[in-house]
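Dear colleague,

I am passing on the structure we spoke about, with the sequence alongside. Please have it open while you read the notes that follow.

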Amino acid sequence: MRLFIAVNFNDDIKGALASIQEQLKKSNVHGRYTAYENLHLTLAFIGEYGDPNAVLDALAGVKFKPFNLRLDGMGSFGSVWWAGIDADDELKRCASQVRHALAQAGIGFDKKRFSPHITLVREPGVQVIPSVEIPNVQMTVREISLMLSERGKRSMIYTELGTVLAEDTERTV
């Protein structure tokens with residue numbers, strides 16, 4: 001099973017990200033765009049791991065406060081273009097706690113430095129990111145999710161396997 005820990009976005013953030021993608025498409029940026037339903041912020045990429053319950057057990061010890069994030073600019077990692085995130089320090093603390101919990105449980109994960117970003121398009125076909133308007137939207141993060149990533153016929157399919165709630169957050173149905 002290919003697993004990762006993520007912040008899943010509300011429709012306001014996803015809509016804003018889709019708006020950025022549309023602006024890029026109108027600027028003749030081609031490539032593989034992240035599907036609307038797959039837009040997320042990765043806190044830790046685990047990769048192939050066969051026991052999601054062990055991951056959820058490790059995450060049960062993660063304690064974080066609700067935190068705010070908002071979209072902030074664009075950038076690239078080579079052939080990956082992304083939207084940036086401006087968040088309070090609690091995001092970094094949360095990501096650090098997630099990674100520490102995984103390490104303590106002996107669950108391997110990608111150890112690259114945490115750099116909060118949202119992948120918008122891969123292999124855009126041009127070198128320079130065109131000027132786009134970044135909508136001024138934000139959300140309060142009250143849960144993090146263990147996600148399963150599977151290859152579908154046309155794109156990746158992400159399925160939430162479980163969540164961890166922020167402190168003082170009650171589960172809603």
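Leaving aside its neighbours within four places in sequence, with which residues is I5 in contact? Taking contact to mean heavy atoms within 4.5 Å, I5 meets L41, T42, L43, A44, I46, V55, L59, V98, L102, I144, S145 and L146.

Before going further, please bear in mind that this is a predicted model, in which local features need pLDDT of at least 70 and side-chain atom pairs count only at pLDDT 80 or more, while totals for chains, interfaces and linings use all residues. Residues are numbered from 1 along each chain as its sequence is written, and side-chain values use heavy atoms, with hydrogens and water left out.

I5 also belongs to the largest nonpolar core, which has 47 residues, and together with F9, L17, L43, V98 and I144 it touches the most other members. Such a core is a set of buried Ala, Val, Leu, Ile, Met, Phe, Trp, Tyr and Cys residues joined through side-chain atoms within 4.5 Å, where buried means under 20% relative accessible area, exposed means over 50%, and partly exposed lies in between (1.4 Å probe, protein chains only). Helix 3 (residues 89–104) supplies the largest share of this core, namely six residues; helices (H or I, at least four residues) and strands (E, at least two) are DSSP runs, numbered from the N terminus.

Strand 1 (residues 2–8) is mostly covered, with five of its seven residues buried. Counting two strands as paired if DSSP finds at least two bridges between them, strand 1 pairs in the antiparallel sense with strand 3 (residues 40–48) over seven bridges, and H40 in strand 3 is the bridge partner of N8. Strand 1 pairs with strand 8 (residues 143–151) in the antiparallel sense as well, over five bridges, and R2 stands opposite S149 there.

Five strands form an open, antiparallel sheet in the order 2-6-5-4-7. Its edge strands, each pairing on one side only, are strand 2 (32–33) and strand 7 (138–141).

Q21 lies in helix 1 and counts as buried because its relative accessibility is 5%; not counting residues up to four places away in sequence, Q21 touches Y33, T34, L39 and L120. G31, in the loop between helix 1 and strand 2, is partly exposed, with a relative accessible area of 40%. Although G31 and G125 are 94 residues apart in sequence, they are 6.3 Å apart in space, C-alpha to C-alpha.

Finally, two side-chain arrangements place a charge over a ring, meaning that NZ of Lys or CZ of Arg is within 6 Å of the ring centre and within 35 degrees of the ring normal. K25 lies over the face of Y33, at 4.8 Å from the ring centre, and the charged end of K111 sits over the ring of F109, 4.2 Å from its centre.

With best wishes
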